[in-house]
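Have a look at the picture, then follow the notes below.

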Amino acid sequence: MTDPTPPSPSETDLLPVLLRIAAALERSAPPARPGPDFAAADAFVWQPEGRLQPVPRVNRVEMGLLRGIDRMRDILFDNTERFARGLPANNALLWGARGMGKSSLVKAVHAEINAKLDALSIKRPLKLVEIHREDIEGLPALMGWLRPDPHRFVVFCDDLSFDAEDTSYKSLKAALDGGIEGRPDNVIFYATSNRRHLLPRDMMENERSTAINPGEAVEEKVSLSDRFGLWLGFHKCTQDEYLAMIDAYVARYGLTLEPERLRAEALEWSTTRGARSGRTAFQYIQDLAGRLGQRLD
């Protein structure tokens, strides 16, 4: 009686088939993504698809034009300079009044530090990497790109805050402090926010009213702010500080207007907008320059 079971193919017969399958899979696989070229620029923006977009020209304000924030300027500059030199430094949260130069200060400090490094003939500049608030869950992946590179990086998130149903703050907590790998030694994180604890007050009060253990519920979210060793508070400027900002911009851009008229117009501009701030001052300067037919180069 014959055995109906067909003979099994030998390893020699299977080898060409396996090689063809492997070749087909290799052809269908996407090409390896090249690493970022950090020589392309000193500033980059992290894109949602997981790549770094170079920024050839950063939109920034000169350090000398930032008035009314001298103490915060000096603290952030010293912290950033220590980091650029390879010394220990803290993550920083710049919080407070809108339009008072929080994000402008981060960008201005980056430029000043690189100018100082260049004057010392240090050929490895400090890099600024911006990550948008909605892409914060990609922060661990970004850290993975930056960790092996010899440059030092300031990762910057402007207007960082979280709402009630948003859990992406957990990714930020793990990336800053507490994950297995921890924050890379060559990366520091700066964020700006109108809120000191990055959460709206009504959200914190709701946690207290609905949680089984209100204290623990609030602590779990407030602990995010503890990842920032520096808390730099920005407050509304005085009238004299606001006018000093106006005078600095007028001198910088060579605008000419009678002092009394300049003062009256600048104060009226701030009154109609219900705020005195660096942003309000620059908006008036843009209006003034336009009326005078001058460019702000």
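Setting aside neighbours within four places in sequence, K127 is in contact (heavy atoms within 4.5 Å) with F38, A41, D42, F44, H110, H151, R152, F153 and V154. Keep in mind that this is a predicted model, where local features need pLDDT of at least 70, side-chain atom pairs count only at pLDDT 80 or more, and totals for chains, interfaces and linings use all residues. Residues are numbered from 1 along each chain as its sequence is written, and side-chain values use heavy atoms, with hydrogens and water left out.

**Around K127**
- You'll find K127 in strand β4, residues 127-130 (strands are DSSP runs of E, at least two residues, and helices are runs of H or I, at least four, numbered from the N terminus).
- K127 is buried, at 2% relative accessibility (buried means under 20% relative accessible area, exposed over 50%, partly exposed in between, with a 1.4 Å probe and protein chains only).

**Rings and charges**
- The whole structure has six aromatic pairs (rings of Phe, Tyr and Trp, using its six-membered ring, with centres within 6.5 Å; planes under 30 degrees apart are stacked, over 60 edge-to-face, the rest tilted).
- F38 and F44 make an edge-to-face pair, 5.5 Å centre to centre with 80° between the planes.
- Ring pairs join F38, F44 and F153 into a cluster.
- R152 has its charged end over the ring of F83, 4.4 Å from the centre (NZ of Lys or CZ of Arg must be within 6 Å of the ring centre and within 35 degrees of the ring normal).
- R273 lies over the face of W269, 3.4 Å from the ring centre.

**Around S277**
- S277 sits in the loop between α9 (259-273) and α10 (278-292).
- With a relative accessible area of 4%, S277 is buried.
- Not counting residues up to four places away in sequence, S277 touches R98, G99, M100, C237, Y242 and M245.
- The C-alpha atoms of S277 and L243 are 9.8 Å apart, though the two residues are 34 apart along the chain.
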